[in-house]
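Please open the model in your viewer and keep a selection panel at hand. The stops below go from the whole chain to single residues.

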Amino acid sequence: MTEVATATRTTADHAWFSEQVESTLPELYGAAARLCRSRADAEDLVAESLTKAWQGLPSLRRREAFRCWVLQIVANTYFSQYRRARTGPEIDNVGADAADFSLFERLHQPILLWWGNPEQEFLNGLLREDLQRALDQLPAQYRTVVVLVDIQEMRYRDVADCLEIPVGTVRSRLARGRGLLQQHLWQHALQAGLRPDGTDEGETP
Amino acid sequence: MTHLEIQNCEDALRVLAEHLDQELDEHLDRQLLEHLDSCRSCYSRSEFDRRLKAQVKDLGREPVPGTVVDRVHELLREFALPPIV
C-alpha cells in the first residue's frame, strides 16, 4: 500500500473517517451493487473506493462533503475499471429516441382492456427483481445517473460535479436512462402476456 | 428553464421529471402543481412516475452482506496501522 501523504492524517482523522464510513456504508454498498450488478464486484468496488478515500483524505477540504466525495470516488473507480475492461464504442448516443418513452402512456390506453386502472395494477404487480433487471440492463453511463439521482437522491448539480459532466448531460442521460428502463419493463410485460391490443387474454406463451 | 410557462399538458410533462426530482424552481413548480390539480390525466401520469421512482429508490435498500462489513472493518484497522501520526 502506498504511503503517500500519510503524515497528514492523524488518529483523530482515522476516528472521524471510520465513523463516516460506518454511517455511509449502506448507501455506498447500495450504489456499488447497482453499478456493478454483482455482489462480489460491489464488495471489491467498495473496498477499493474506501482505500482511495483514505489515501486521498487530506485533499478533502470540506468534510461535510464526505458523502458526495466518497460516492464520486465509487462512481469514478467504477468507470475507470469499466473503461479498462471495455472495448468498442461509447454508447452515449444509445437511447436518444427512448428519452420520450412513457410506460404510463402505453398502459393508459382506452384500448387496453384490463382492470379499472391498468397503470396502478402494473405497479402493484411489478416485481423487485424485474425492476432490478431493467435497471441492470441500462448502459453504464445512464445507469450511473439513474442510480445517483433516484437511489442516492443526489441533486443534478452534485451528480454533474461527481461525474465531471455538464448538468445538461445529466438531464439527457437521466431522461434516456428512465426511458430505456420503462421500455424494458414494457417489453417484459408484453412477453409476460400483457395484450396491448385488448384481444383475448390468452395463456402466457 | 426559468422562462417557461406551463400552459398545457405538453409543457407540464416536459418539466414533470424535474418536479419529481425536486429540481424545479419555485415559480414553475407552483404552476405545475396548479396544472396537476386541474388535469386528471397529468395527475395520473405524475402519480405513476412518482411511484415508479420510489420503487427504483427501494432497489438501493439492500442489506450490506456480512462479508462486506467484515472486509470494511478489516480495512479500517489496516488504515489505523503506522505510519499514522
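Residues are numbered from 1 along each chain as its sequence is written, and chains are lettered from A, with ligands numbered from 1, in the order in which they are written. This is a predicted model, in which local features need pLDDT of at least 70 and side-chain atom pairs count only at pLDDT 80 or more, while totals for chains, interfaces and linings use all residues.

Next select residues 1-6 of chain A, where the pLDDT is below 50 and where the model has seven contacts beyond near neighbours in sequence; a contact means that the C-beta atoms of two residues, placed from the backbone, lie within 7 Å. At residues 199-205 of chain A the pLDDT is also below 50, with five such contacts in the model.

Switch to a cartoon of chain A, which shows nine helices and zero strands. Here helices (H or I, at least four residues) and strands (E, at least two) are DSSP runs, numbered from the N terminus. Of the contacts in chain A with a separation of 6 or more, 69% are between residues 24 or more positions apart.

Now show both chains and select the contact between them, which takes 37 residues from chain A and 30 residues from chain B. On the side of chain A that touches chain B, at least two residues each come from helix H1 (11-36), helix H2 (39-56), helix H5 (118-125), helix H6 (128-136) and helix H7 (140-151) of chain A. H1(A) gives the most, with 11 residues.

Go on to H5(A), whose buried residues are Glu119(A), Phe122(A) and Leu123(A). They lie on the same side of H5(A) because they cover an arc of only 95° around the axis, the arc being that of the directions from the helix axis to the C-beta atoms. A residue counts as buried if 20 or more other C-beta atoms lie within 10 Å of its own, as exposed if 12 or fewer do, and as partly exposed in between, with C-beta atoms placed from the backbone. On the other side of H5(A), Asn124(A) and Gly125(A) are exposed. The buried residues of H5(A) pack against helix H4 (103-107) and helix H9 (167-191) of chain A, together with helix H3 (40-58) of chain B.

For the next stop, select Ala31(A), one of the residues that touch the most other members of the largest nonpolar core, which has 55 residues. Such a core is a set of buried Ala, Val, Leu, Ile, Met, Phe, Trp, Tyr and Cys residues joined through C-beta atoms within 7 Å. Not counting residues up to four places away in sequence, Ala31(A) touches residues including Leu71(A), Val74(A) and Gly60(B).

Finish in two loops of chain A. Glu153(A), between H7 and helix H8 (156-163) of chain A, has a positive phi near 55° although the residue is not glycine, and Glu153(A) counts as partly exposed, with 13 C-beta neighbours inside 10 Å. Glu164(A), in the loop between H8 and H9 of chain A, has a positive phi of about 55°, and Glu164(A) is exposed, with 10 other C-beta atoms within 10 Å.

Key:
pLDDT is the predictor's confidence in each residue, from 0 to 100.
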